[in-house]
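Q: Could we go through this model together? I would like to discuss its helix packing and one of its pockets.

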Amino acid sequence: MDQKKIGAFIAQCRKEKSLTQIQLAELLDITNQAVSKWENGRGMPDVSLLQPLCDALGISLNELFSGEHISAEEYKGKAEENISKLYKEKQIANLKPIKYLFSTCSNVTLLVAVIELAAGFIGNFFYPIILKVMLLNASVWIMLFLISVGKLTYDKKKLKNLKHSGTCIDSEIKDIIPASWIRVGNYICCRIVCGFIYEGKEYKAVSNYYVLTPFQRKEDLYANVFIEQNNPTKYSIELFQESR
């Protein structure tokens, strides 16, 4: 569900009914802060409040989930679309996110840097030259750690922004592109190619690097593609797998 669109629709319907946030909150026996949270797209009403909210606003559940008024001709199609979206969201709730390469890199590089420093300080009691060598090695690993964290932070922020202001597009995983030059133990690093249709045109989205098991198949994966409003060439991909 598009929380931002639904929130704006709740605010629109409330104003059409000439209700303030406080008045709507009193009708539902909740706080006006909760209403404000819905209207700003920062949350959804509890299941027990969906029908009372629709009754108060004079809309149907189908219209609420669609985030817009629906004509009689569109009603059936929108109902099927909303059921499909709810089913996919339930599926994702049972999935777990796949490790992003730079998340793994940041953990590994920090661990190695700590080990290098510890070995240097311990070795310094026996051979003073060891500390200098280990400090040099640790500085390299710390630099790699900072680069990994920087990349990870940038990508997380981009995904968060697109989740908030962009659009989630139905997509299909087309291919897995392994990176033979990167290995993490028995795991492989690869990029995921997703295909999606936007305004009648086909587009491809290629993910950043993720860490998969050697036996992972594309059928075991699920991807969310978030795009900028009206700009399908600017995107971010979130990858999931079945919990085992």
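**Helix packing and a pocket**

A: To begin, this is a predicted model, in which α7 passes α8 in a left-handed crossing.

Q: At what angle do α7 and α8 pack, and how far apart are their axes?

A: Helix α7, residues 101–123, packs with α8 at an angle of about 165°, and their axes are 8 Å apart. Angles over 145 degrees count as roughly antiparallel, so α7 is roughly antiparallel to α8.

Q: And which classes of residue make up the contact of α7 with α8?

A: That contact has 19 nonpolar, 7 polar and 2 charged residues.

Q: Turning to the second largest pocket, what is its volume?

A: The second largest pocket has a volume of about 490 Å³.

Q: Which elements give two or more residues to its lining?

A: Those elements are α8 (128–165) and β8 (231–242).

Q: How many residues line the second largest pocket, and which lie nearest its centre?

A: The lining consists of 24 residues, and Tyr 100, Asp 155, Leu 159, Tyr 210 and Ile 237 are those nearest the centre. By class, the lining of this pocket divides into 11 nonpolar, 5 polar and 8 charged residues.

Q: Why is Asn 161 described as partly exposed?

A: Its relative accessible area is 40%, and partly exposed covers the range between the 20% limit for buried and the 50% limit for exposed.

Q: How far is Asn 161 from Ser 236?

A: Asn 161 and Ser 236 are 75 residues apart in sequence, while their C-alpha atoms are 9.7 Å apart in space.

Technical notes:
Residues are numbered from 1 along each chain as its sequence is written. This is a predicted model: local features need pLDDT of at least 70, side-chain atom pairs count only at pLDDT 80 or more; totals for chains, interfaces and linings use all residues. Side-chain values use heavy atoms; hydrogens and water are left out. On a 1 Å grid over the protein atoms alone, a cavity is a set of points where a 1.4 Å probe fits but cannot get out, and a pocket is an open set with protein on both sides within 12 Å along at least five of seven lines; lining residues have an atom within 4 Å of a point. Grid points are joined across faces, edges and corners, and a volume is the space filled by probe spheres set on the points. Helices (H or I, at least four residues) and strands (E, at least two) are DSSP runs, numbered from the N terminus. Ala, Val, Leu, Ile, Met, Phe, Trp, Tyr, Cys and Pro count as nonpolar, Asp, Glu, Lys and Arg as charged, and the others, Gly among them, as polar. Axes are lines fitted to C-alpha atoms, for helices over the stretch in contact, and angles run from 0 to 180 degrees between N-to-C directions. Angles under 35 degrees count as roughly parallel, over 145 as roughly antiparallel, 65 to 115 as roughly perpendicular and the rest as oblique. A crossing is left-handed if the near helix is turned anticlockwise from the far one by less than a right angle, and right-handed if clockwise. Buried means under 20% relative accessible area, exposed over 50%, partly exposed in between (1.4 Å probe, protein chains only).
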